[in-house]
Amino acid sequence: MSRAFVSVGRPASNPLAGIDAAVAEQLLGEALASGGDYADLYFEFRCGADFVLEEARVRSVGRALVVGLGVRVLRGDATGYAYTEELSSDCMRQAARTAGQIAAANRAVAPVALTPLSSSDRYRLPESSLLRPGLDKVALLRRADAAARACDPRIVRVEASLSEEWREILVFTSDGRLARDEQPMLRLGVHAVAEEGGRRQGGRSGTALRRGLELFALPGHAPEDHGREAARLALEMLHAEEAPAGPMEVVLGPGESGILLHEAVGHGLEADFNRKRTSNYTDQIGKPVASSLCNVVDDATVGHARGTINVDDEGNSGQRNLLIEKGILRGYLQDRISARHFGCAATGNGRRESFRCQPLPRMTNTMLLAGQDAPEDIIRSVKRGVYARHFSGGQVNIANGDFVFSLTESYLIEDGKLTAPLRGVNLIGNGPEVLRQVTMVGHDFKLSEGTWTCGKDGQSVPVGVGTPTVKIACITVGGTRTP
Amino acid sequence: MSRLPDARRCQEWAEQMLSYALAAGAEAAEVLVRDGCELEVKVRLGEPELVKEAGSRAFGLRVLRDHRAAVTYSSDFADAAMRQFARESVELCDLAEPDPLADLPERHEMAREVPDLDLWDETAPSLDATQVLRLAKQGEQAALLCDPRVTNSEGAVGSRVMGATAFASSAGFSGGYRGTRLSLVVSPVCDDADGKKRNGHHWTSSRFASGLLDPETVGLEAARRTLAKLGSRKIATCQVPAVFAPEAARALLGQLAAVVSGGAAWRKSTYLAAREGTAVASPLVTVVDHPLLPRAPGSRPFDGEGLAGRPNTVVSEGVLRTVLCDTYSARKLGRPSTGSAGRGVGGGPHVSTSNFILLGGKTPAAELERVPQGLYVTDLMGFGFNPVTGDWSQGASGFWIDSGSRAYPVSEITISINFDDLWKSIDGVGDDLDTRSSVQSPTLRVPRITVAGG
């Protein structure tokens with residue numbers, strides 16, 4: 001095989017090829033043999049590859065193949081779970097019996113005959129990137145690397161990486177659902193370091209979407225764009241100033257600021273916490289939990305977005321769910337167990353990291369919808385405050401609603417204008433309190449196309465976040481400079 | 001039902017895979033095999049919520065041809081699949097570019113023996129789900145019954161992990177070992193006056209069942225910690241001394257581990273690049289990385305490239321003695337590896353700590369709180385650390401200290417300081433080293449930190 005055509009494609013044989021309704025029905029029967037209310041099977045086949053370019057050299061090429069089955073048996077709110085990586089009849093039956101341990105004896109429910117779920121197609125691809133030659137991907141990394149270096153001689157280091165994944169899932173449930181999905185993910189990331197007079201700063205840019213290599217032909221997504229953006233950020237931060245400390249007005253820029261929603265509201269609306277009454281939002285449906293300017297949705301249907309799913313990992317269709325309407329809480333993010341508890345329909349938010357994990361209520365693409373204000377007016381309205389553009393991440397304590405998120409690009413606002421770039425800024429607040437402080441919402445909604453990954457109970461899933469420009473009247477800025 | 005992880009069987013697989021990789025044209029190769037068996041149970045309000053039990057194994061392969069590296073991962077141990085995977089992995093090398101520094105370690109560097117570090121509890125395999133459920137129930141119940149203000153629970157989780165690791169390298173090493181780990185965490189919830197919930201937790205963990213705290217002790221301490229948070233409030237923005245409880249100090253130490261990594265040093269992505277031999281912390285601070293401690297959580301007889309584990313003094317009385325290196329970063333820095341390669345089946349070798357320990361001091365921890373006013377930090381939140389510049393700002397909660405004692409609980413604040421200043425200014429190291437995890441610290445005190453509050 002010549003070098004030009006080495007691809008890290010999918011294996012010729014699909015390890016899930018032999019899994020059909022007959023196999024599934026037998027395993028579901030086995031899982032429920034000692035009782036239990038419900039069982040499901042989650043087959044997963046994942047292949048991925050990654051490429052890292054560092055010091056202008058492809059340092060390493062990686063590849064992963066993962067296949068397995070997770071079996072879940074429910075009895076009331078209790079879950080029995082087991083998994084196997086070996087899809088032999090013996091191993092699968094053993095997993096089914098082990099998961100069935102949770103069941104109390106002598107209450108058997110027979111599985112219902114399986115009916116395939118008709119599914120949407122929200123990330124149809126011209127071609128999976130995994131089928132393209134490896135050198136095509138190396139070439140993309142070189143373009144990003146060259147563009148970052150060409151920005152400025154002060155750019156002293158660039159690292160570019162690309163990873164691609166193809167995940168195929170098959171879900172069978174004892175109440176008769178059969179769902180199947182093929183979920184692609186393609187990610188490009190660039191990290192640039194700028195140096196000047198002994199000072200160093202890093203900047204990052206990247207994207208992750210459910211697309212093939214055509215992603216890089218989209219506006220703003222050429223590898224050069226990400227190389228230049230990473231370099232710009234690193235250079236900009238070289239001269240960043242110490243940030244102020246204390247409560248003040250903050251303007252959140254469009255797109256990435258959606259992480260605020262994710263932390264401040266999203267997690268607290270996951271139904272498991274509310275079923276267990278450990279969330280701040282317990283019993284708040286129908287009540288005001290945010291300023292009347294806030295309309296929040298979790299939307300699994302956005303074409304090709306990172307958090308989009310056709311079906312969730314319990315075999316329910318992904319959908320658009322209204323969470324907050326004009327400040328009033330309308331609903332929670334449900335998985336099967338919680339939906340049963342609340343007596344409502346599943347919302348398609350039962351997700352899991354892999355076949356090794358039981359599903360939990362999780363977000364998909366969480367967004368604050370556009371308002372009426374012009375973004376310029378929002379900035380102009382601030383006498384002294386902080387403008388937040390890029391974030392590295394956030395964290396929330398579900399029980400009390402306290403969250404913190406960390407900014408990687410932010411500016412001081414003085415007399416309605418952005419002035420000095422700031423370094424080392426955190427925002428800290430409380431979910432319900434901060435949403436009541438939303439006083440202006442821009443008309444410039446944007447879904448971030450960055451690589452957002454949400455962690456919960458040790459499970460990571462890809463998500464999307466989005467907002468328009470938003471003004472928060474008062475939030476605590478954690479800087480080093482006291483007034 | 002548990003199938004016991006078998007280190008010898010893993011080693012056979014590793015050697016088999018190594019021979020397939022070499023037969024497929026690799027000039028050098030190494031194989032890591034992990035076989036694990038997990039049991040996790042969760043109890044909430046006295047009822048079982050989750051029983052999860054499974055065995056799992058996978059192998060990771062690193063192959064080199066013409067100084068070009070590929071790193072691959074699979075869980076398919078069928079003989080034909082292993083052979084095919086070896087061939088495909090070797091082909092991938094062609095996509096990488098030659099880098100002589102990426103070669104395997106030199107033959108003379110490889111470990112010659114695999115010391116027994118007493119990491120396996122013979123009694124662990126006989127624990128079953130029913131027994132672990134009972135422990136979790138006892139722990140949760142102790143928390144729920146101890147005070148009427150404990151009104152809810154996020155549950156109690158008990159787990160047992162048994163694992164075998166084997167490694168075979170064409171540089172001249174083959175070995176394996178196995179270990180167990182047991183833990184229990186209890187997480188009660190209290191209702192606060194303003195409608196907020198307050199949550200807290202306490203945990204115990206050990207490689208041996210006999211090393212665990214009893215469940216009642218864990219539950220009572222979890223409740224005590226949670227109750228102490230009732231009435232939490234913000235404080236005004238100020239600059240005060242900060243006392244970091246061992247669990248918060250451990251988070252600081254984990255961040256220090258990231259900036260004393262050889263990988264960060266050669267990339268100059270740490271503010272400590274080129275600072276070896278100079279003061280990077282207060283003279284009260286000595287930090288070691290010690291992989292060979294018997295029964296310790298982070299112990300490993302050999303590292304992720306098959307080098308013998310060895311203790312490294314990283315910071316000695318405040319002076320940075322060495323950064324920790326795997327083979328690649330060591331070569332980049334022109335020195336030998338410190339035997340600090342970590343390795344997971346899913347990725348290549350990288351610098352990682354084993355048992356990373358800030359040695360306990362002589363001051364009783366309670367004495368460190370004897371400040372007129374200050375902040376006692378129990379929890380840190382968020383990602384506000386820039387390792388390149390040392391800018392550090394994190395969400396925090398804990399207690400306000402007034403006249404030397406904890407006056408009231410504090411939350412929803414951030415604390416900020418430059419990380420270099422934080423370590424250099426430490427003026428108190430407690431005698432209360434917390435040995436439950438692989439990053440271990442006692443209580444630490446910093447004389448001045450910026451608090452952003454209400």
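Predicted model: local features only at pLDDT ≥ 70, side-chain atom pairs only at ≥ 80, totals over all residues.
**Entry 1: confidence in chain A**

Over residues 1-6 of chain A, pLDDT stays under 50. The model gives that stretch 12 contacts beyond four places in sequence. I marked residues 1-6 of chain A with a pencil and moved on.

**Entry 2: helices of chain A**

Next I looked at α1(A), residues 21-31, and α2(A), residues 89-99. Their axes lie 7 Å apart, and the packing angle is about 35 degrees. I noted the crossing of α1(A) over α2(A) as right-handed. Which residues meet here, from α1(A) and from α2(A)? From α1(A) I listed Leu27(A), Glu30(A) and Ala31(A). From α2(A) I listed Met92(A), Arg93(A), Ala96(A), Arg97(A) and Ala99(A). I sorted this contact by class: 5 residues are nonpolar, 3 are charged and none is polar.

Then I checked α5(A), residues 258-266. Is this helix mostly covered or mostly open? It is mostly covered, with 9 of its 9 residues buried. Among the buried residues I wrote down Ile259(A), Leu260(A), His262(A) and Glu263(A).

**Entry 3: a helix pair in chain B**

I turned to α3(B), residues 129-145, and α4(B), residues 215-227. Their axes come within 7 Å and cross at roughly 35 degrees. This crossing is right-handed. On the α3(B) side I found, among others, Leu135(B), Gln138(B) and Ala142(B). On the α4(B) side, Val218(B), Leu220(B) and Ala222(B) are among the residues they meet. The contact of α3(B) with α4(B) has 8 nonpolar, 4 polar and 2 charged residues.

**Entry 4: an open sheet in chain B**

I traced an open sheet of 5 strands in chain B. The order is β11-β10-β9-β14-β19, and the pairing is mixed. Which strands are at the edges? They are β11(B), residues 319-320, and β19(B), residues 439-440, and each pairs on one side only. I followed β10(B), residues 312-316, to β11(B): the two run antiparallel and are joined by 2 bridges. Val315(B) has Leu320(B) of β11(B) as its bridge partner.

I followed β16(B) next. It is mostly covered: 10 of its 12 residues are buried. β15(B), residues 373-381, pairs with β16(B) in the antiparallel sense over 8 bridges. There, Met381(B) has Gly395(B) as its bridge partner. β16(B) also pairs with β17(B), again antiparallel, over 11 bridges. β16(B) and β17(B) form a hairpin with 2 residues between them. In the turn, Ser403(B) has a positive phi of about 50 degrees.

**Entry 5: where the chains touch**

Last, I looked up the contact between the chains. It takes 70 residues from chain A and 65 from chain B. On the chain B side, the elements that give two or more residues include β3(B), α2(B), β16(B) and β17(B). Which element gives the largest share on that side? β2(B) does, with 10 residues. By class, the chain B side has 21 nonpolar, 25 polar and 19 charged residues.

Strands pair between the chains too. β2(A), residues 57-75, runs parallel to β3(B), and 5 bridges join them. I found Leu65(A) opposite Ser74(B) in β3(B).

How values were computed. Residues numbered from 1 in each chain as written. Chains lettered and ligands numbered in written order. Axes fitted to C-alpha atoms, helices over the stretch in contact; angles between N-to-C directions. Helix = DSSP H or I, 4+ residues; strand = E, 2+ residues; numbered from the N terminus. Left-handed = near helix turned anticlockwise from the far one by under 90°. Contact = placed C-beta atoms within 7 Å. Nonpolar A, V, L, I, M, F, W, Y, C, P; charged D, E, K, R; others polar. Pairing = 2+ DSSP bridges. pLDDT = per-residue confidence, 0-100. Buried ≥ 20, exposed ≤ 12 C-beta atoms within 10 Å, placed from the backbone.
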